[in-house]
Amino acid sequence: MTSRLSLQRTSLPRTTAVATLLTTALAAGLLTGATSAAAGDGAAAPVRIHDIQGTTRISPLVGRQVTDVEGIVTGVRTYGSKGFWFQDPRGDGNAATSEGVFVFTSSNPTVAAGDAVKVSGTVGEYVPGGAASGNQSLTQIAKPTVTVVSSGNPVPAPVVVTSRTVPWRYAPAGDPAAGGSVNGLTLNPRRYALDYYESLEGSNIRIGSSRVVTATDAHAELWVTVKPQENPNRRGGTVYGSYDDQNTGRLQIQQLAPLAQQPFPKANVGDVLSGTTEGPLDFNQYGGYTLTARTLGTVVDRGLKREQTREQSSRELAVATYNVENLDPTDPQEKFDALAKAVVANLASPDILALEEIQDDNGAKNDATVSSAATVKKFTDAIVAAGGPAYSATSIDPENNKDGGEPGGNIRQVFLHNPARVSFTHRAGGDATTPTGVVREKGHAALTLSPGRIAPADTAWENSRKPLAAEFSFRGEPVIVIANHFGSKGGDEALTSHHQPPVRSSEVKRLQQAQAVNTFVKDIQKADRRADVLVVGDINDFEFSATTKALTAGGALNAAIKSLPRPERYSYVYQGNAQVLDQILTSPSIRDFAYDSVHINAEFADQNSDHDPQVIRFRP
């Protein structure tokens, strides 16, 4: 398996003890799988699994020794975080307490599904990703002693998870006294989806035939929805359109069988995982609640096709943006060819193409190389070979390792334009550290440097890609395009965080970046209120986000993707949610346009990039 599944579970420092009430530290997720019992306690009397799980997210027995806990093994994992799940077939009738729990063995377990076992060990709360991640914890028994009492027993009947059993409300509001954490709140599985899934943590669950909403990835996992009518789009996905509409039916699927024994099926969005999928419900760092399948359904291919946008008319200017995912000359020629074919066949050879994540000429080799001339030439040659135009390119090399991204890669934005249709207005002097400005020239707004970077010394762009502005002319009309790649969402808490709502720490930087670009656009409009301005690129944020609101503040810009029906607003698929990251924003002078989010990557197991390109066509 890949590194994501081979992460070792490690004990985290235990900050405090737990009795029947949680302390603030525990509510904040600073939990442990420590082996020592609470002060003054000896070995605990035998307890049942639901006593360990309790009615909150944190075990009331955390840090204590338990002895001879009985149950039936429901699943065994021999890779990554090794261990097994076992379950008490006799429930306590309390919907808030799970009857299953994970046993972390660290080495290959010696039990099999159907074994009746007695387990002694230390109750812990393992936080995947560490306490700083904001993730919920997984209740587990560590450093176990396991006795097999008998084998060949029936596995406890699964809880069947359906659209009717999963609540529509996502999560309760976190406790303000606990820093917004839900850890100390009593579970209400009939009201909240996160509480419902938590009440089944470690239990044997089953889903029936379900639609795939995130394609199979490199880590042998996919996502389905058990709620087919929840924010669907016409291609089979589930659209994320609001912070308050998280899509409760999403569920990650992995398999317990090693890949060498059973390859994981390849599926695209809209395919169906048909039949029964059954196994223990895990919680992991990369997606939260995950059905680890002991029995995996069969993928039924529904034939999803990659989209093709229409060709622009002779009087229409077509501008596109495409994140090509760390493209550099060391990538196989097949990647260049596939990306080039997409530009020609799927994007209809746009007149101006803003590229994000073009790396320098030797990629991630960290040797102070900053030029991307070889990368760009290899790509433009591939476009010509695919039957496209001979694009001209313009960009500014960044300072070495000053723009974030993969160390040594020096990613940047690059403009390609078709000189047979568009003229580039060059104004010399642009470099990595000199800001471009705006002047009025011959009745129009003009850049002082073209290409030029916007406010590169502004702290908003520290260790981040600086916006690249350039002037073009189409049929004699000037157009200013600003290519962007805002800061990533790295560091944000997951939707399944124990903080509700989750903390979106990365938003602070993007908000500053959006304000800087908005200010620059307003400077253009002061010089010429009728200027045609396009702000394009990987904005790394949603159309409903504070980032987008800051970009459009004061009516400076409009988010063009909002011209699409809500189910069609997405450029990226993440953990079952089809969502917007890539955008084109237009100045008020651009009133009549056609917008297209061209779905060629994000929904597919085979991807040339993880982003879908965006295209706008209009008459300047």
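Select Glu316 to begin: leaving aside residues up to four places away in sequence, Glu316 touches Arg310, Asp351, Arg421, Phe474, Arg617, Phe618 and Arg619, where contact means heavy atoms within 4.5 Å. The model is predicted, so local features need pLDDT of at least 70 and side-chain atom pairs count only at pLDDT 80 or more, while totals for chains, interfaces and linings use all residues. Residues are numbered from 1 along each chain as its sequence is written, and side-chain values use heavy atoms, with hydrogens and water left out.

Keep Glu316 selected and display Arg310. Their side chains are joined by a polar contact of 2.9 Å; such a contact is a pair of N or O atoms within 3.5 Å, and within protein one must be able to donate a hydrogen and the other to accept it, with residues adjacent in sequence counted only if both atoms are side-chain atoms. Glu316 lies in the loop between E14 and strand E15 (317–327). Helices (H or I, at least four residues) and strands (E, at least two) are DSSP runs, numbered from the N terminus. Glu316 counts as buried because its relative accessibility is 11%; buried means under 20% relative accessible area, exposed over 50%, and partly exposed in between (1.4 Å probe, protein chains only).

Next, select the open sheet of nine strands. Its order is E6-E7-E12-E13-E10-E9-E8-E11-E14, with mixed pairing. Strand E6 (159–160) and strand E14 (298–300) stand at the edges with a single partner strand each, so one side of each has no neighbour in the sheet. Two strands pair if DSSP finds at least two bridges between them. Within this sheet, strand E7 (residues 204–207) pairs with strand E12 (residues 277–284) in the antiparallel sense over four bridges. Ile205 has Gly279 in E12 as its bridge partner.

Move to strand E25 (residues 533–538), where six of six residues are buried. Strand E24 (residues 477–485) pairs with E25 in the parallel sense over six bridges. Opposite Val533 in E25 stands Ile480.

Now turn to the cavities. The whole structure holds four cavities of 30 Å³ or more. On a 1 Å grid over the protein atoms alone, a cavity is a set of points where a 1.4 Å probe fits but cannot get out, and lining residues have an atom within 4 Å of a point.

Finally, inspect the backbone. Most residues other than glycine have a negative phi, and most peptide bonds are trans. The peptide bond from Ser450 to Pro451 is cis, with omega near 5°, and Pro451 sits in the loop between strand E21 (444–447) and strand E22 (452–453). The bond from Gln500 to Pro501 is cis, with omega near 5°; Pro501 belongs to the loop between E24 and helix H6 (507–527). Ala455, not a glycine, has a positive phi of about 45° and counts as partly exposed at 29% relative accessibility. Gln575 has a positive phi near 50° and is buried at 17% relative accessibility.

Methods: On a 1 Å grid over the protein atoms alone, a cavity is a set of points where a 1.4 Å probe fits but cannot get out, and a pocket is an open set with protein on both sides within 12 Å along at least five of seven lines; lining residues have an atom within 4 Å of a point. Grid points are joined across faces, edges and corners, and a volume is the space filled by probe spheres set on the points.
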